[in-house]
Amino acid sequence: MSPDPDASGGVRWYREVSPRQWKAMFAAWVGYLLDGFDFVLITLVLTEIADEFDLSTASAASLVSGAFVTRWLGGALLGALGDRYGRKPAMIASILLYSLGTFACGFAWNHTSLFTARLLIGMGMAGEYSASATYVLESWPARLRNRASGFLISGYAGGTVLASELYTWVVPHWGWRWMFWIGVAPVLVALWVRRALPEAAEWSAETGGGAARPNPFRPLFTGRVRATANALLVAAASGALFCVFTPVGRGLVWPLSLLAAGCLVAFAVQLGGRRGWVVYVALMCTVFCAFLYSWPIQALLPTYLKSELGYAPSEVADVMFSAGFGTMAGCWLAGFTGDRFGTRRAYAGTLLASLAFVFPVFAVRHSLVGLGVSLFFLLALGQGVSGILPKYLAGHFPTATRAASLGFVYNTGALGGAVAPVLGAHLAEGMSLGRALAVLTFGLTLVVIVLIGGDVPRRLARLAGQGSDPDVDGDRLTPERPLSVPPASVENAGRQ
């Protein structure tokens with residue numbers, strides 16, 4: 001019997017990963033760490049910003065939403081860049097965008113200027129997700145790609161831990177603006193990435209050496225009429241989303257939301273084509289619900305701790321450290337369980353276990369240790385499982401269009417993260433903030449369990465008559481492994 005049940009031929013799994021593949025992981029992981037650092041800053045200093053700019057809870061929460069408004073566009077554009085010119089250039093461009101956007105936040109003078117800087121951060125974050133995820137997944141051995149996905153996304157959680165620790169001594173002494181100015185550090189990482197990294201092996205093998213570079217957006221701009229119509233759709237979707245999450249659209253939120261949703265679905269139908277559009281739309285809805293259950297806690301937890309429980313900044317940092325480390329540990333756990341049981345089974349089972357901790361977390365009020373421990377387990381199971389979300393999504397798409405498709409689907413669905421904090425804040429107007437967060441998290445976690453565990457996107461494709469097409473059926477990264485199938489057999493299948 002092999003000493004490692006996941007090993008092939010008696011070799012432990014980590015010895016199957018070459019030094020070059022570990023280097024690719026480390027570089028992408030550092031980018032994710034700084035991505036998480038930059039993005040979580042706004043949640044940590046939300047109360048300080050609200051006090052300085054005299055904002056309501058809902059208006060302050062919209063600043064978290066700002067970075068999501070442009071994510072769909074950034075994910076598609078930078079993803080297409082990655083498909084056409086390589087994963088590495090897209091990674092560099094993404095890091096530069098969100099770093100400069102974060103730096104600009106430190107100079108904001110009101111809600112509108114800060115919201116605008118957050119739009120730039122959203123563009124960069126979207127590209128970072130698609131470029132780094134595809135880069136690492138296409139670089140690692142096929143049978144270890146859940147592990148690769150989990151390790152990579154754990155960097156984001158590490159960034160939240162780093163940000164929470166800096167918060168305790170930066171903000172009380174220098175103010176909230178310095179937290180954003182520190183965020184320019186990722187520019188140095190971008191320069192290092194340009195110098196040190198090889199291109200993703202799978203992209204290089206299938207696309208990089210070819211004469212004809214893929215163009216994932218060709219369906220959108222074939223012919224003058226279609227090109228003009230889609231340019232108008234881009235403008236309409238961007239304008240509608242901007243109005244929805246700013247005072248400009250006050251009183252017209254629902255019509256503008258429906259307009260934006262219609263534009264985005266139109267893009268999904270065109271990009272997916274006759275054979276794949278159902279999967280695109282279903283995956284967008286799945287990611288949307290995943291953000292709705294996870295982002296109320298991620299965005300409003302520091303506000304809840306300070307405003308409702310009355311914790312001091314140092315105590316908030318302690319709790320956020322526990323929460324961030326729980327998410328990081330959960331990402332690692334999700335990677336191993338995903339490779340052992342299959343991505344969907346691991347995802348649904350872990351989320352189901354997380355439900356046991358939702359209401360107990362918000363019942364703890366006077367014990368810092370008890371709250372930290374409860375949050376650790378809730379986020380390890382509920383948030384950490386998102387570590388294998390890139391693997392789950394990327395497996396639906398071929399290499400030539402994977403980055404653009406993953407970037408568009410994930411970051412369009414990520415609009416749930418824009419809705420989540422605002423929805424949580426509005427629910428808190430009729431009940432306590434803690435209860436609002438618990439209700440949203442519990443209910444929407446159940447929805448995601450059904451969508452992913454039940455393989456709803458592919459089932460819908462089969463009902464629509466698309467199930468026999470390899471473009472929409474089966475895992476394009478590596479087949480799911482039943483418990484009775486030896487690892488070596490799956491590895492060989494993944495190479496065919």
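Trainee: Among contacts in the protein between residues at least 6 apart in sequence, what percentage join residues at least 24 apart?

Mentor: This is a predicted model, where local features need pLDDT of at least 70, side-chain atom pairs count only at pLDDT 80 or more, and totals for chains, interfaces and linings use all residues. Residues are numbered from 1 along each chain as its sequence is written, and side-chain values use heavy atoms, with hydrogens and water left out. A contact means heavy atoms within 4.5 Å. Of the contacts between residues at least 6 apart, the share joining residues at least 24 apart is 82%.

Trainee: How many helices and how many strands does the protein have?

Mentor: Both are DSSP runs, numbered from the N terminus: helices are H or I with at least four residues, strands are E with at least two. The count is 21 helices and zero strands.

Trainee: Where does α14 kink?

Mentor: Helix α14 covers residues 343–363. The bend at a residue is the angle between axes fitted to the seven residues ending there and the seven starting there. In α14 a kink of about 30° comes shortly before the proline P360, at A356.

Trainee: Why is R275 classed as partly exposed?

Mentor: R275 sits in helix α12. R275 is partly exposed because its relative accessible area is 43%.

Terms used
Buried means under 20% relative accessible area, exposed over 50%, partly exposed in between (1.4 Å probe, protein chains only). The expected span of a helix is 1.5 Å times one less than its number of residues.
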